[in-house]
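Subject: Structure handover

Hi,

Here is the structure I promised to pass on to you. Have a look at it first, and my notes follow below.

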Amino acid sequence: MPATRDYYEVLGVERTADGDEIKRAYRRLALKHHPDRNPGDEEAEAAFKECAAAYEILSDAEKRQKYDQFGHDAFRGAGSAAHDFSRMNVDDIFSMFNDIFGGGGRGGQRGRGRGGVARGYDLETEVKLDLHDVLSGADREVEFTRLDVCDTCTGSGAKPGTEPESCQTCGGHGKVQQQGLGGMFRMVVACPHCRGRGKIVKDKCETCRGKGRVPRKRKINVKIPAGISDGQAVRVQGEGEPPPPEASPTGAGVRGDLHVVVRVKDHSLFEREGDHLLLEMPISFTQASLGAEVEVPTLEEPTTLSIPKGTQFGTMFRIQGVGLPNLRGGKRGDMVVVTKIETPKKLTSKQAELLREFAKTEDKHVNPERHGFLKKITDLIGG
C-alpha cells in the first residue's frame with residue numbers, strides 16, 4: 001500500500017477514538033467525497049479512497065494494533081492484510097463497508113436491505129442549537145441536497161425513446177471476478193465498465209447525462225427533542241436517497257434516511273456536564289466573609305442562593321432541578337455553582353483604611369494547608 005497521510009489524520013479523529021467515533025468519521029467523509037456527488041473531481045475520488053483505506057485499518061482491532069505499532073510499513077508488500085484502494089473502483093469500496101451505510105451499497109446484493117428490498121443511501125447534515133434550545137427542544141428547517149430519480153428518463157439514464165444495452169464486459173450480470181493481492185484469492189466486484197448495472201447507456205439522457213439520478217435541494221422541518229447532546233443525531237426516516245440505479249433503476253424500494261447531527265454552541269455563562277450545568281459565580285470578599293443572598297442566573301428565571309459566612313474560593317453549591325432535561329426520562333439535572341471570590345482592583349481611601357485596620361486583627365496563618373502546599377511545589381521543582 002502506498003504511503004499516505006496518518007490514518008487518524010485522514011479521518012480527523014484522535015488516536016484514542018473508539019470504534020463508533022471511527023465509524024461516524026468515515027461515514028461522514030465517504031458521503032462528502034463520494035464521486036456521485038463530485039462528478040469528474042479527481043481530488044474527491046482520491047479522498048474517498050484514502051478515507052476508505054484508513055477505515056479498513058482502524059475499524060479492525062488487529063490491523064489497528066499493527067498500524068499503531070509499525071505504521072504503514074505493517075501493510076506493505078505481497079500478502080499484506082490491507083487492500084490497495086488507490087487502484088480499486090470506487091463502487092467496490094462501498095461493497096466492503098455496506099454496514100456503514102445501512103445497506104445502501106452499490107451493485108448485486110449491495111443496495112438491498114432486509115428481505116432483499118432495494119434501499120437507498122443515508123444522508124447526513126448538521127444543525128446548530130444553543131442551550132436554550134436543548135432545554136425546551138426546537139424545530140429547525142434543514143436544507144440538504146440528495147440524488148433523486150431523473151424525471152426525464154425515469155432512472156434508466158437513456159435518452160427518451162432509446163434503451164440501455166447489455167454490458168459486454170460482464171454479460172449483463174453487473175459483476176466480474178477480480179484477482180486478489182498475490183493471486184491467492186478472487187473476489188466478485190461490481191463491473192468497472194457498467195458500474196454494476198449490467199447495462200450500458202449509449203444514447204445518454206441529456207438531463208442526468210446517463211446517471212439516472214439528478215441532485216435536488218430539499219428543505220424539511222425537523223423536531224429536535226429536549227435534552228439532546230452535541231454530536232447526537234435525529235434520524236428522519238425516508239428522507240435519504242432512493243436505491244441506486246444498479247439496484248433499482250426506477251428508484252422502487254426503500255429510501256435511505258436523513259441523519260441530522262446536532263451541534264450545541266458553547267454558552268457564555270454555563271458549561272454543560274451531561275444533564276447538569278456548571279456556573280462560575282463571582283462574589284465579593286465581603287459577601288464571602290459575612291454571608292449574603294445572591295441572585296444566580298439560570299436558563300430561565302434567576303434564582304436566589306444563600307452564601308454562608310466564611311465561604312471560600314471554589315466552594316460548590318448545588319441548585320436542584322434547574323439543569324437540562326434528560327433526553328429519555330425528561331427529569332432535569334442540577335446546576336452546580338462554583339464561587340469565585342473577586343478582589344477589588346481599586347479601593348477608595350476609606351476602604352483601604354478599613355482593610356488596614358482589619359489586617360491588624362487578622363490571623364496571619366489563616367490557611368492551615370499553606371505550608372503543605374508550598375512544600376509540594378518545592379518537591380515538584382526540586383528546590
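The secondary structure of the chain comes to 9 helices and 15 strands, where helices (H or I, at least four residues) and strands (E, at least two) are DSSP runs numbered from the N terminus. Please keep in mind that this is a predicted model: local features need pLDDT of at least 70, side-chain atom pairs count only at pLDDT 80 or more, and totals for chains, interfaces and linings use all residues. Residues are numbered from 1 along each chain as its sequence is written, and side-chain values use heavy atoms, with hydrogens and water left out.

Some totals to begin with. The chain has 383 residues, of which 41% count as buried; buried means under 20% relative accessible area, exposed over 50%, and partly exposed in between, with a 1.4 Å probe and protein chains only. Among contacts in the chain with a separation of 6 or more, 64% are between residues 24 or more positions apart, a contact being heavy atoms within 4.5 Å.

Now to the sheets. In general, strands of a sheet pair through backbone hydrogen bonds, either parallel or antiparallel. Here, two strands pair if DSSP finds at least two bridges between them.

β14 and β15 (residues 335-342) run antiparallel and are joined by 4 bridges, with Ile319 opposite Met335 in β15.

Another open sheet has 3 strands, ordered β1-β9-β8, again with mixed pairing. Its edge strands, β1 (123-129) and β8 (233-236), each pair on one side only, and the twist averages 25° from one strand to the next. β8 is joined to β9 (residues 258-264) by 4 bridges in an antiparallel arrangement; Val234 has Val260 in β9 as its bridge partner. Helix α2 (residues 19-33) lies across β1 and β9, at about 110° to β1.

Last, the aromatic rings. Rings of Phe, Tyr and Trp (its six-membered ring) pair if their centres lie within 6.5 Å; planes under 30 degrees apart count as stacked, over 60 as edge-to-face and the rest as tilted. The count by this rule is 4 aromatic pairs. In one of them, the ring centres of Tyr8 and Tyr67 are 6.2 Å apart and the planes stand at 45°, so the pair is tilted. Tyr8 in helix α1 (residues 7-11) and Tyr67 in helix α4 (residues 61-70) are 59 residues apart, so to speak a link between distant parts of the chain by the helix numbering. Tyr8 is buried at 2% relative accessibility, and Tyr67 is buried at 3%. Tyr7, Tyr8 and Tyr67 form one aromatic cluster.

The rings of Phe285 and Phe358 have centres 6.4 Å apart and planes at 70°, so this pair is edge-to-face. Phe285 is partly exposed, with a relative accessible area of 39%, and Phe358 is partly exposed at 41%.

Best wishes

Notes: Axes are lines fitted to C-alpha atoms, for helices over the stretch in contact, and angles run from 0 to 180 degrees between N-to-C directions.
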